[in-house]
Amino acid sequence: MILSRTAKWTLGAVFALVMLFIYVPLLVVVVNSFNVSLTFQWPPPGFTMEWWARAIDNVGVREALLTSVGVALIATTIALVLGTLTAVALTQYAFFGRQSISLLIILPIALPGIVTGVALNTMFTSWLGGLTYLTLVVAHATFCIVVIFNNASARLRRLGGNFVEASMDLGATRTTTFWRVTFPNMRSALVAGAVLAFGLSFDEIIVTTFTAGPGIQTLPLWIFNNLFRPQQAPIVNVVAAALILVSILPLYLAQRLSDDQTGDR
Amino acid sequence: MTTTEAPAGSPAAFLYRHPRARLTGLLALPMTWLVLLYLVPIVLLFVTAFWTTDSFTGNLQRTFTLENFARVLDPSQPFLTTALRTLAVAVSVTVVSIILAVPLSLFLAKIAQPRWRPLLVALVVTPLWASYLVKVYAWRTMLNPEGGFLESTLGFSTGYGWVAVVVVLTYLWLPYMVLPVYVGMQNVPPSLLDASSDLGARSWRTFRSVLLPLVKPAIIAGSVFTFSLSLGDYITVQLVGGKAQMLGNVVYGTFATDLPFAAAIASLTVLIMIGYLAAISRTGALENL
Amino acid sequence: MRFKHVTALGVGIAAASLAVAGCSSSSTSGGGSSAAPSASAYAGPVGEGEGELNVLAWPGYAEDGSTDPKVDWVTPFEKETGCQVNVKSFATSNEAYDLMRKGGYDVVSASGDASLRLVYGGYVQPVNTSLVPNYADIFSGLKDKQWNTVDGVNYGIPHGRGANLLLFNKGENKTEPTSWKDMWESNSPAKGKVSPYDDAIYIADAAVYLMATQPDLGITNPYSLDQTQFDAAIKLLDQQKPLVAEYWADYAKQANGLASGSISQGQGWQLTANVANADGDKVGATKPSEGATGWSDTWMVAKDTKNINCAYKWLDYIVSPKVNAEIAEYFGEAPANEKSCDLTSNEDHCAQFHAKEEDYWTNVYYWTTPTEQCLDGRTDVTCVPYKDWVSAWTTLRSA
């Protein structure tokens, strides 16, 4: 695209401003993780390493982190299966009710989390005998499906029917075609979808509050419980700061992966 | 899966000859899941909205009543106003997100060096991973009208209120808008844009008449996220909204003591969302979601 | 996707809902009557533990070291009794009530605005205090009260107490306030910088103020309001609204506001003031002349618990002098056990929280669940029940 110099500079400036908008608050989080003030007074009255030391010793954080990773992994796996199946069905077949199904897929993310949360909570507790680890996983998987579905069907549409037809013309069955042609072409889209689904599940708090069983603490729940205890709030900032730093790498890799396939070559 | 010729009578051959069965096979699992574990609870919640509770214990009384909806829709009660305010917040967040995301994505997709692109996109998306609560708390510190970060560095802060709610929600959900729009722009073939320039269109004209119509579906897809995530929020409002309340706060505040009323309010948000989906479905954008 | 599909789905959902709602219009769910509860307490003796205990507690009441490895009184209990403890913490009394109602927990630390609901709803069982040796050392001012005892039957073990104080920023308030008036009156100098508690039970704080300023309303118990008294309280809350900066539900947020001065006066806890003062002496706390609301929490036992022995071991353990002292200090409240006062790490803890001064507590009105049958003994009128408190509060906050 041929853009005028001014346009390029304007866009560059907007980009810089938005990056500032995104990163200044995160910087505040990082600075606050060293802030001696328990109530995050600004400017910080002093700095300390104490919170980092205490966070590293904290068993609760580690357990919550593992729980979160576990829930997000299982939920993402379930969503991968269900989302891919639906995407294949909806892009390769035209049938009555197709529209309603694509709406049904969108609903869990389109309806506000508090509605989903209260609805699932009511059903699990009054009809299915209470909240457990499983109810939490089920809830997360449900709203993750749409992310996988979106990525997978976008890729399938772009792929078109030609490859599939060519493969079948050459004598491959549908199954073979799927595993040899369709799936390899979808892989990077699925990875990108999975990363997004994982992130969605990992940081979800509203539905989680309503569907986690007793004693189950995901990282956001741990953060929620601890932010409201002043002795603990600084440690929460440490955890958040650490998460920010740790998460840049996988996102970068995922982005490269999906970029390799879609880049305007 | 190495079979190239399915023997007659095998399941594969059966499926090959019966597309209906293939389709059913593909959809059985996801649809069972979504209907039983999602649609049924939502319907049950609506059912609850037509019931009432015991005045003391808050237990459900399963007698049919319209009083919850009557209360929600009663103009002398504040809930319709709350709904309008909530709607205004969701719309504002969506609009601001679009205004920020479009130039940002354009920069990423068409100006930034391809070598740097993955890193820059990762930098835009990373905040998704910092805890939601921590980010809201950081904003609380920033917006404090007495010596907060903004006040002490810029000499100006919005304080806590509706503006703060819109700013923070935009902050939280912006990546959900940037991602689809960026992908949408990347998928626009450069040849189309070059053709437009060759025909004499200036940057702005190319952007408005060629690029924007092509990424419109992606923008709408992103707006489903920003709109619905804002519509149902209650935690951000509590922390930076001052005494502001949205529909989510009403649901959260009443679901434990008066589930039927909470369900009636929740159905109001569902109604708004269905209305929104209906409105954008006319544009055909959901096909591309 | 076209418009009609979306609409059709919406209509379908609505129609299905109506059908289901209509069909089951005759049945009522169990356990919902307001009749006086009848159940018998565990006869004992407290024997071998069942090996497990599910605890529902306010944050900070049942610490197992997961928030801070140094703060842990659950692990010693587990070692001592063999009862494996699963803790779930809750943020509000309503949440606690909801979770207890749905089951799965053996014991709960219930505040007064939840305890009676739990008793009348039939979700908790009477407690045989003779099976709890440490009960003997609990302050008499906490025993046999409206929120833990019904018709002479004890339903729980008192855990600790606190008053909802007037907190103020010292920079904004040059002299220490002695009245709640700046939080209520329209001409308040604290206008726009007031922070009330965000819960229906806060209506009682309005009633406490009215007891002093409008004696002709005849309020004697802020949780026992007839319709006229209730309306007056709501009117006062409406009057307060323009003064409000923020309603608070978590004390870290309020402490932050008070310390920075974005809040001048608020209703809150001693603990909140202590937290705000961690960086310097900025916030004061006082109990104004009109009196104050307060809380006294009670450990209660679920009706259908499978772990009754572990539950009784927990009740006794949690109010034992050393543990009760630890919790009182960590959470910031007055301990329930008299002997705890000698065991706190801060020698002044009991003095600071007025644990031993029964006089101090005479005009502290502990949270109690309002019922239709007036709690102050009046029989000629009916009082506004808790559900209507919640409903009025919801309306007030949304307006």
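**Figure 1. Chain C and its contacts across the sequence.** Take the contacts in chain C between residues at least 6 apart in sequence: 71% of them join residues at least 24 apart. Here, two residues are in contact if their C-beta atoms, placed from the backbone, lie within 7 Å. A word on what you're looking at: this is a predicted model, where local features need pLDDT of at least 70, side-chain atom pairs count only at pLDDT 80 or more, and totals for chains, interfaces and linings use all residues. Residues are numbered from 1 along each chain as its sequence is written, while chains are lettered from A and ligands numbered from 1 in the order in which they are written. Chain C holds 13 helices and 14 strands; helices (H or I, at least four residues) and strands (E, at least two) are DSSP runs, numbered from the N terminus. With a radius of gyration of 23 Å, close to the 21 Å that the globule rule gives for 399 residues, chain C is as compact as a globular protein of that length. That radius is taken over C-alpha atoms, and the globule rule is 2.2 Å times the number of residues to the power 0.38. Along its principal axes, the C-alpha trace of chain C spans about 70 × 65 × 55 Å.

Figure 2. Strand β10 covers residues 265-268 of chain C. C:Q265 and C:Q267 point one way from this strand, C:G266 and C:G268 point the other way, and all are buried. Buried means that 20 or more other C-beta atoms lie within 10 Å of a residue's own, with C-beta atoms placed from the backbone (12 or fewer is exposed, in between is partly exposed). By that count, 55% of the 399 residues of chain C are buried. Strand β8 (residues 165-169) of chain C pairs with β10(C) in the antiparallel sense over four bridges, and C:L165 stands opposite C:G268. Strand β9 (residues 194-195) of chain C runs parallel to β10(C), joined by two bridges; C:S195 has C:G266 as its bridge partner. Strands pair if DSSP finds at least two bridges between them.

**Figure 3. Chain A, built from helices.** Chain A has 11 helices and zero strands. Its C-alpha atoms fill a box of roughly 70 × 65 × 30 Å, taken along the principal axes. Buried residues make up 54% of the 265 in chain A. The average pLDDT (the predictor's confidence in each residue, from 0 to 100) is 83 for chain A, and 92% of the residues score at least 70.

**Figure 4. Where chain B meets chain A.** The contact takes 87 residues from chain B and 80 residues from chain A. On the chain B side, helix α2 (residues 19-48) gives the most, with 18 residues. That side divides into 64 nonpolar, 19 polar and four charged residues. Nonpolar covers Ala, Val, Leu, Ile, Met, Phe, Trp, Tyr, Cys and Pro, charged covers Asp, Glu, Lys and Arg, and the others, Gly among them, are polar.

**Figure 5. Confidence along chain B.** Chain B averages a pLDDT of 84, and 90% of the residues score at least 70. Helix α1 (residues 11-17) of chain B has the lowest mean, 63, while helix α4 (residues 79-111) of chain B reaches the highest, 93.
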